Structure formats: structure tokens, C-alpha cells
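This briefing is meant for someone meeting the structure for the first time. Please keep the sequence and the model at hand while reading, and follow the topics in order.

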Amino acid sequence: MKYLLTFICLAICLSGCTGVNIGTPTAENVQARLDVLNELQEAYDLGELRPGVMSQISESADFLCDSEADKESLLSLNGELQKSSKDKDELMSKVSQMAKLIHLPEKYKDTFPVQK
């Protein structure tokens, strides 16, 4: 987790902190998306979120979505989860919706069942 946050901070610094990475298929975007999808898949499988996942999503939202609308939806769902992450069924539903907003290159399409 510590290394992931370091990586994300480094990626933000290298990109100039401008937020122009939305929709740009860079290696940093793909890695950030894979990392977050791993966390969401784990949350879906276990029925609970690890501490720090929601803040990780908020911090890396610019790298996770291809459009501004998807980014806003992702952040909205993330905020809703912060308010009520106790109900397992609701958590699984919101996590699945969030995962569907994070698009990956074709070669990763069947990697995360939570996206289906």
C-alpha cells in the first residue's frame, strides 16, 4: 500500500498535476486502474473494504476514468460508500458499479469478474 501511494504521488508529480490524463491511455493509468480494480475485486469477494481504499480512489480518480462523467460517478459512489460501507449487499453493489466505470485495455477484459 505504501509503495502504491508513492507510485501514485510520483505519477502525479511527473504529469504536472494538471489532470489532463483523463482518457489518455498511459502506462500509469493502466497500472493505477489495475491496482484499484484489484482492491475493488478483493472488497467484492470479502464483502468489506480495506482501510485506505476509498482515499486511494479519490486521490487517483484522474487516472481511473476515461471521461469526466465517469470520474464524477466514481467519486459519487466512493462518497456514498464512505457514508455506509457496513451493509454487505450495498457494498458489493456499489463496488461493482465502480469497477464498471474503470475501463481497461482489451487484454485485461476478463481479469476482474466484479466488472461484469
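Two residues are in contact when their heavy atoms lie within 4.5 Å. On that basis, in this predicted model, 64% of the contacts in the protein chain between residues at least 6 apart in sequence join residues at least 24 apart. The protein chain holds six helices and zero strands, and its 116 residues include a buried share of 39%.

**Overall surface**

- The protein chain has an accessible surface of about 6,500 Å², and carbon and sulfur atoms account for 54% of that surface.

**The nonpolar core**

- The largest nonpolar core contains 26 residues, among which Leu40, Ile57, Leu64 and Leu74 touch the most other members.
- At least two residues of this core come from each of helix 2, helix 3, helix 4, helix 5 and helix 6, and helix 2 provides the largest share, with seven residues.
- Apart from its neighbours within four places in sequence, Ile57 is in contact with Val36, Leu40, Leu64, Leu74, Leu75, Asn78 and Met98.
- In general terms, nonpolar side chains in soluble globular proteins tend to be buried together.

**Helix 2 and the residue after it**

- Helix 2 consists of 20 residues and spans 29 Å from its first C-alpha to its last, which is close to the 28 Å expected at 1.5 Å a residue.
- The buried residues of helix 2 include Val36 and Leu40, and also Asn29, Arg33, Asp35, Glu39 and Gln41.
- Gly47, which comes just after helix 2, takes a positive phi of about 80°.

- Ser58 belongs to helix 3, which covers residues 53-59, and Ser58 is partly exposed, with a relative accessible area of 36%.
- Not counting residues up to four places away in sequence, Ser58 touches Leu75 and Asn78, while Ser58 and Gly79, 21 residues apart in sequence, are 8.9 Å apart from C-alpha to C-alpha.
- Leu77 is found in helix 5 and counts as buried because its relative accessible area is 10%, under the 20% limit.
- Leaving out neighbours within four places in sequence, the contacts of Leu77 are Lys94, Gln97, Met98 and Leu101.
- Helix 6 has 14 residues and reaches 20 Å from its first C-alpha to its last, close to the 20 Å expected at 1.5 Å a residue, and its buried residues pack against helix 2, helix 3, helix 4 and helix 5.

**Salt bridges**

- Eight salt bridges are found in a search of the whole structure.
- Arg50 forms a salt bridge with Glu39, and their closest N and O atoms are 2.5 Å apart; because Arg50 lies in the loop between helix 2 and helix 3 and Glu39 in helix 2, the pair ties together parts that are eleven residues apart in sequence.
- Glu39 is buried at a relative accessible area of 11%, whereas Arg50 is partly exposed at 35%, and Glu39, Glu42 and Arg50 are linked in a network of salt bridges.
- Lys94 forms a salt bridge with Glu80, with 3.0 Å between the closest N and O atoms, and this pair links distant parts of the chain, with Lys94 in helix 6 and Glu80 in helix 5, 14 residues apart.
- Glu68 and Lys71 also form a salt bridge, their closest N and O atoms being 4.0 Å apart, and they are separated by about one helical turn because they are three residues apart in helix 5.

Key. Residues numbered from 1 in each chain as written. Predicted model: local features only at pLDDT ≥ 70, side-chain atom pairs only at ≥ 80, totals over all residues. Heavy atoms only, no water. Helix = DSSP H or I, 4+ residues; strand = E, 2+ residues; numbered from the N terminus. Buried < 20%, exposed > 50% of the residue type's maximum accessible area, 1.4 Å probe, protein only. Areas by Shrake-Rupley, 256 points an atom, 1.4 Å probe, with all protein chains shown as cover. Core = buried A, V, L, I, M, F, W, Y, C linked by side-chain atoms within 4.5 Å. Expected span 1.5 Å × (residues − 1). Salt bridge = Lys/Arg side-chain N within 4 Å of Asp/Glu carboxyl O.
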